[in-house]
Amino acid sequence: MQYHIQTEPIYEAFSSPCDCPLCKIENDVQERLLSQYLSDAVMEPTARVEVNKYGFCTKHLSLLFQNKNKLGLSLQLETRLGTIRETVRPITSYKQAAKQADALSSTMETCVICNAQDKTMTRYAYTIAQMYANEDDFVPLFKKSGGFCLPHYVLLLQESKKAGNKTSAYLSDL
């Protein structure tokens with residue numbers, strides 16, 4: 001087994017009894033991101049810019065609110081609301097109302113944590129496909145797993161195109 005910083009969580013997830021190893025990885029990634037956005041990222045300028053731009057979805061906002069650092073969350077939400085307030089203007093026509101509704105609606109469809117989580121999970125799926133194609137020790141561990149949920153199965157299929165010479169074997173094992 002070739003343990004590297006990017007493969008260790010994969011080996012750990014595939015070694016643990018679970019229905020979908022990628023769900024375990026995703027939960028770990030989500031916990032790390034939630035913790036990050038309540039500690040380090042609170043005062044980090046680049047993270048604050050991202051939070052101001054994308055905000056948090058309802059799910060992640062609720063999870064953040066369940067944690068202890070309410071002050072860190074409130075600081076981020078205060079500047080996020082300042083960004084959203086720039087969208088709100090006096091309305092004098094139906095066209096302006098519709099335009100403002102669209103602009104405000106689009107702010108609710110983005111999430112900084114979802115963005116980071118999706119990018120990370122895509123990298124993990126690609127790494128799994130590469131490991132299957134290049135690491136013989138990983139293949140039995142992969143085959144012994146409990147399978148995958150539908151969203152992660154689709155992600156693995158999408159990323160398997162880039163895996164290498166054993167892609168067809170990998171696809172048949174999914």
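Biologist: Is Gln117 buried or exposed?
Modeller: Gln117 is buried, because its relative accessibility is 6% and the cut-off for buried is under 20%. Bear in mind that this is a predicted model.

Biologist: Which helix holds Gln117?
Modeller: Helix H7, which covers residues 112-134.

Biologist: And which residues is Gln117 in contact with, leaving aside neighbours within four places in sequence?
Modeller: Five names here: Glu26, Val29, Gln30, Leu33 and His60. Take Leu33, 84 residues away along the chain from Gln117. The C-alpha atoms of that pair are separated by 7.8 Å.

Biologist: Switching to Ala41. Where does Ala41 lie?
Modeller: In the loop between H2 and helix H3, the latter being 45-54.

Biologist: Buried or exposed, that Ala41?
Modeller: Buried. Its relative accessible area is 1%, so Ala41 falls under the 20% limit.

Biologist: What is Ala41 in contact with, neighbours within four places left aside?
Modeller: Gln36, Ala47, Arg48 and Gln76. As for Gly72, its C-alpha is 8.8 Å from that of Ala41. Those two residues are 31 apart along the chain.

Biologist: Zooming out. How many helices and strands does the protein chain have?
Modeller: Ten helices and zero strands. The pattern along the sequence is α-α-α-α-α-α-α-α-α-α.

Biologist: What share of contacts comes from residues 24 or more positions apart?
Modeller: 72%, counted over contacts with a separation of 6 or more.

Biologist: What about overall dimensions? Which radius of gyration does the protein chain have?
Modeller: 20 Å. A compact globule of 174 residues would come out near 16 Å. The C-alpha atoms fill a box of roughly 65 × 40 × 25 Å along the principal axes.

Biologist: What percentage of the residues is buried?
Modeller: 36% of the 174. The accessible surface is about 10600 Å², and carbon and sulfur atoms own 56% of that.

Biologist: Charges next. How many positive and negative ones?
Modeller: 19 positive and 19 negative. Their mean positions are 7 Å apart.

Biologist: Last topic, confidence. What is the average pLDDT of the protein chain?
Modeller: 86, with 91% of the residues scoring at least 70.

Biologist: Which elements have the lowest and the highest mean pLDDT?
Modeller: Helix H10, residues 167-173, has the lowest at 58. Helix H2, residues 21-36, has the highest at 95.

Definitions and conventions. Residues numbered from 1 in each chain as written. Predicted model: local features only at pLDDT ≥ 70, side-chain atom pairs only at ≥ 80, totals over all residues. Heavy atoms only, no water. Helix = DSSP H or I, 4+ residues; strand = E, 2+ residues; numbered from the N terminus. Rg over C-alpha atoms; globule rule 2.2 N^0.38 Å. Buried < 20%, exposed > 50% of the residue type's maximum accessible area, 1.4 Å probe, protein only. Contact = heavy atoms within 4.5 Å. Areas by Shrake-Rupley, 256 points an atom, 1.4 Å probe, with all protein chains shown as cover. Lys, Arg positive; Asp, Glu negative; His and termini not counted. Charge placed at Lys NZ, Arg CZ, Asp CG, Glu CD. pLDDT = per-residue confidence, 0-100.
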